[in-house]
Amino acid sequence: RRDICPNSDVNDRLILNGRIYDSDCTTPLANVKLDIWQADYNGEYSPGGRDFSCRGITYTNSQGDWNLRTIMPGRYDDGGLRPAHLHFRITAQGYPTLTTQLYFVNDKYIPIDSCPHCGSSDPTLQSRVVHIEDIKTYVGR
């Protein structure tokens with residue numbers, strides 16, 4: 001399922017794509033599983049804990065490419081402030097599983113992220129998103 005979180009006209013739509021490479025950083029990896037989850041627009045994960053909303057799985061194609069459609073995740077307060085982010089668990093045959101998070105350039109919560117070990121200030125974990133079509137639609141890589 002490439003649609004991660006249901007959208008409505010009140011949400012900011014987010015379209016992301018990327019490519020996964022082998023450790024040589026040049027060879028694309030096919031059939032890599034990406035398990036993705038995020039908070040909804042209000043900063044809640046699966047409200048009620050039973051519906052598994054805002055979660056999906058996609059796979060890379062033969063060129064290592066992946067894409068997904070979702071909404072801009074909400075920020076939340078977990079006793080501190082968390083910037084908007086998506087979670088990824090990436091699994092490929094013959095490689096260790098990677099669990100990471102993707103943040104957004106210029107999110108004002110990054111400098112005050114309440115999760116000191118999450119790495120939100122690392123530029124390699126930040127996506128630059130831009131508007132397309134309308135003010136409520138962002139695309140990033």
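Hi everyone, let's start with the largest pocket, which has a volume of about 690 Å³ (the space filled by probe spheres set on grid points joined across faces, edges and corners). A pocket here is an open set of points on a 1 Å grid over the protein atoms alone, where a 1.4 Å probe fits, with protein on both sides within 12 Å along at least five of seven lines; lining residues have an atom within 4 Å of a point.

This is a predicted model, where local features need pLDDT of at least 70, side-chain atom pairs count only at pLDDT 80 or more, and totals for chains, interfaces and linings use all residues. Residues are numbered from 1 along each chain as its sequence is written, and side-chain values use heavy atoms, leaving out hydrogens and water.

Back to the pocket: 26 residues line it, and Arg-19, Ile-20, Ile-90, Leu-98 and Thr-100 lie nearest its centre. Two or more lining residues come from each of β1 (13-19), β7 (86-91), β8 (98-104) and β9 (126-127); strands are DSSP runs of E, at least two residues, numbered from the N terminus.

Now the salt bridges (a side-chain nitrogen of Lys or Arg within 4 Å of a carboxyl oxygen of Asp or Glu): the whole structure has six. Arg-89 pairs with Asp-35 at 3.7 Å, N to O. That pair joins strand β7 to strand β2 (residues 33-38), 54 residues apart.

Finally, confidence: pLDDT, the predictor's score for each residue from 0 to 100, averages 87 over the protein chain. Strand β11 (residues 134-140) is lowest at a mean of 67, while β7 is highest at 96.

Definitions and conventions:
Helices (H or I, at least four residues) and strands (E, at least two) are DSSP runs, numbered from the N terminus.
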